[in-house]
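Here is a short briefing on salt bridges. Look at the charged side chains first, then read on.

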Amino acid sequence: MDDGSQLRPEDTAAGSPKRKIVVFHAHPDDETLSTGALLAFWTGLGHEVTVITATRGERGEAYPGICDDRTLLPQLRAGELSQALAVLGVGTHCFLGTPPARVPGLPPVNYLDSGMRWVTATLAGSVADAGELALSNQHPSVPAADLAAYCRIWGAEILISYDAIGGYGHPDHVACHQIGVETAAMVPALAFFTICSAGIVADAKTHHFELRSELATVREALQCYSSQLRLDADEIVHVGGQRQPIATTIRLRATD
């Protein structure tokens, strides 16, 4: 295996050696919204990709009539996640805190969705009633030990997660970035790349993926999330009415 510090996203292009890649997200649907095109592209080339999801999205909203009993929402979202990953070709998934993404010998733990509030029309922030097990209330080193345990056992070479902004400021996304930083420090051979938020200026460490060819696959995966979103042509309409284009241009930035 190459020294992880020398790996680049380009090493996962057609004709390159097969890589073992962990993509770490906060909630079910984030993997498809943020990186669906990249997951489909990499799995289509035969790379081994694991998605690890930090929480089950317990505090998310749902379209009316889809899940009126909120106690069933985590189970529903986990099922939607499983369907979407199958469409994207991802055969390996686990929730953080659940073996094998748990420090060996420790009992399983469910890290919980922290919830969020809109600070501006496009920027999210924390809420006052996030619980004790909320992901954003954990010291990053604790869940990072779980993620690091998985990366060591599986022999991961590349780790992908959010940048410091977390895409749009959701406290769980920001926590995932901090966990990723800690995990990379615990597993020095791991190359850590962050998903560039909108407005981040590209530099020499930024790698662009233009993946319009994966649009149909990403659309199919997004349609698995009937509780969370609707599609309007090539736009995603979220439960709260927010709109965003389906992402087929993805930028990753290498960390120091």
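A search of the whole structure finds 10 salt bridges. A salt bridge here is a side-chain nitrogen of Lys or Arg within 4 Å of a carboxyl oxygen of Asp or Glu. This is a predicted model: local features need pLDDT of at least 70, side-chain atom pairs count only at pLDDT 80 or more, and totals for chains, interfaces and linings use all residues. Residues are numbered from 1 along each chain as its sequence is written, and side-chain values use heavy atoms, leaving out hydrogens and water.

**Arg59 and Asp129**
- Arg59 pairs with Asp129 in a salt bridge, with the closest N and O atoms 3.0 Å apart.
- The partners lie 70 residues apart, so the pair links distant parts of the chain.
- Arg59 sits in the loop between strand 2 (48-53) and helix 2 (73-88).
- Asp129 sits in the loop between strand 5 (124-125) and helix 3 (141-154).
- Helices (H or I, at least four residues) and strands (E, at least two) are DSSP runs, numbered from the N terminus.
- Arg59 is partly exposed, at 36% relative accessible area.
- Buried means under 20% relative accessible area, exposed over 50%, and partly exposed in between (1.4 Å probe, protein chains only).

**Asp232 and Arg243**
- Asp232 forms a salt bridge with Arg243, the closest N and O atoms being 3.0 Å apart.
- Asp232 is in strand 9, and Arg243 is in strand 11 (residues 243-245).
- Asp232 is partly exposed at 38%, and Arg243 is partly exposed at 47%.
- Elsewhere, salt bridges with shared partners join Arg212, Arg219 and Asp234 into one network.
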